[in-house]
Amino acid sequence: MPLRIYNTLTRRKEEFVALHGNRVSMFVCGITPQDSAHVGHAKTYVAFDVVARYLRHKGYAVFYLQNVTDMEDRIIDKMEKTGRDWRDIVNQYWKEFQDGMRALRCESVNLYARATDYIPEIIAQIQGLLAKGFAYVAKDGSVYYDTTKYTDWGKLSGQKIEELLPGARVTLDPNKRNPADFVLWKAQKPGEPAWESPWGKGRPGWHIEDTAIAIHHFGPQYDLHGSAVEHVFPHHEAEIAQAEAFTGVKPYVKTWMHTGMLMVGGEEMHKSLGNFWALKDALKVVTGDELRFFLLNAQYRSPINFTMAGLEEAKAAYRRVRDGVANLGAAEASAPESGKGDATLKAAAAKAREKFTAAMDDDVNTREAIAAIHDFVSAANRALEAGAGRAAIHDAVEAFSTFDETLSLFPPSSADAHRILAGVLDFLVQLREDARKRKDFVTADAIRARLADLGIILEDTKDGVRWRRK
């Protein structure tokens with residue numbers, strides 16, 4: 001089954017076909033490091049980490065580019081309020097963001113591109129738009145995009161120019177000719193950071209930063225652009241208008257993907273509502289693995305309601321899956337070559353592979369993929385109880401490993417940890433058996449009781465004593 005992705009531009013699921021063979025160029029809107037990253041950011045970046053991983057699993061060579069908006073109005077506001085240099089502000093919150101991404105194991109990005117490193121490219125694009133009549137210079141030296149000159153405005157969002165009234169999701173600005181026009185270059189105000197340009201000192205607008213970065217690395221057209229749904233308008237609408245007017249190539253991006261909103265208690269998350277969850281605070285309540293599982297246990301386009309009850313439920317579900325995988329890994333070393341549960345386990349592994357792939361190929365449906373893993377864990381536990389052999393267990397472990405290449409839910413060192421744990425437990429079981437043979441039942445019972453306290457159960461079988469997790 002081919003991979004099908006819901007394309008916001010066409011409003012339907014489409015088979016994903018790369019523009020250039022097996023190479024995929026993928027751009028995702030990055031953060032503005034002016035405050036702590038929040039759980040809504042995490043939802044989007046975990047989703048696109050999985051998208052990149054799955055594309056690579058399917059055999060694509062993915063170049064994943066994420067911008068960093070390191071110059072923007074909110075950074076200047078914080079600079080003015082705190083008296084700090086804008087670079088210090090950016091570096092502080094950028095480090096915090098990176099720490100959060102590491103905790104969530106979002107490791108797929110090839111390049112984080114800071115907007116201020118692309119000032120020459122930004123200026124060149126603005127000059128091109130002016131030369132083609134799609135932009136104009138205001139009296140103060142700012143430059144604006146003229147949305148009335150671009151005939152495809154609204155094709156992504158459905159918003160039409162004539163429907164946009166001043167103040168309705170468009171900025172009130174006396175320099176504009178039309179309400180929907182947006183700034184490409186902002187003239188410097190006293191005390192603001194600025195760069196030299198043909199129109200005087202100033203700084204780039206938000207929308208032009210992303211197209212300058214993407215076109216520099218990918219050219220006039222590329223495969224996939226992702227972000228949160230709130231960026232469809234005006235940000236992504238503006239990106240399309242800029243890029244297609246500048247290059248003359250349509251469509252600018254073949255596939256647009258957008259993640260659903262993160263809600264808190266059924267409401268949108270806002271500091272003003274007192275329901276804001278910084279990522280660093282969420283990671284004090286749950287581990288990065290547990291939060292990643294919570295966020296992936298919903299299809300990326302679906303909204304998620306972030307509640308403590310939901311987190312606790314996700315923690316318990318994650319631990320059941322994690323422990324099931326750990327039991328398999330640990331059992332492999334001590335299992336006999338074959339057993340009664342082999343056929344059941346092999347059939348369950350084949351079914352899980354089929355269901356996982358079908359779910360992921362259906363618009364990266366991680367919720368259904370995780371459901372397939374849940375079912376597989378239950379089947380594997382039953383097979384272990386029936387007495388599965390080493391070959392069947394190894395096949396099941398390999399299946400889980402394949403799933404985790406995409407979802408990355410388990411610690412990367414888990415395979416070594418399972419091997420070491422299995423060796424230590426086998427050694428303790430042998431010590432207990434030696435003690436029983438010496439009739440040292442005090443030591444034998446103490447080993448059994450201590451292992452039970454740690455969640456390890458010893459079972460007598462015809463093949464000897466075996467251990468398993470509770």
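Tyr6 stands opposite Lys13 in strand E2. Strands here are DSSP runs of at least two residues (E), helices are runs of at least four (H or I), and both are numbered from the N terminus. This is a predicted model, in which local features need pLDDT of at least 70, side-chain atom pairs count only at pLDDT 80 or more, and totals for chains, interfaces and linings use all residues. Residues are numbered from 1 along each chain as its sequence is written, and side-chain values use heavy atoms, without hydrogens and water.

**The hairpin**
- E1 (residues 4–7) pairs with E2 (residues 12–15) in the antiparallel sense, over 4 bridges. Pairing takes at least two DSSP bridges between two strands.
- The two strands form a hairpin with 4 residues between them. Arg11 in the turn has a positive phi of about 60°.

**The nonpolar cores**
- The largest nonpolar core has 83 residues. Such a core is a set of buried Ala, Val, Leu, Ile, Met, Phe, Trp, Tyr and Cys residues joined through side-chain atoms within 4.5 Å.
- Helix H1 (residues 39–57) gives the most to this core, with 11 residues.
- Leu55 is among the residues with the most contacts inside this core.
- Beyond four places in sequence, Leu55 is in contact (heavy atoms within 4.5 Å) with residues including Leu3, Phe16 and Met26.

**Ala214**
- Ala214 sits in helix H5 (residues 206–218).
- Ala214 counts as buried because its relative accessibility is 0%. Buried means under 20% relative accessible area, exposed over 50%, and partly exposed in between (1.4 Å probe, protein chains only).
- Not counting residues up to four places away in sequence, Ala214 touches Phe27, Leu65, Gly219, Tyr222 and Tyr252.
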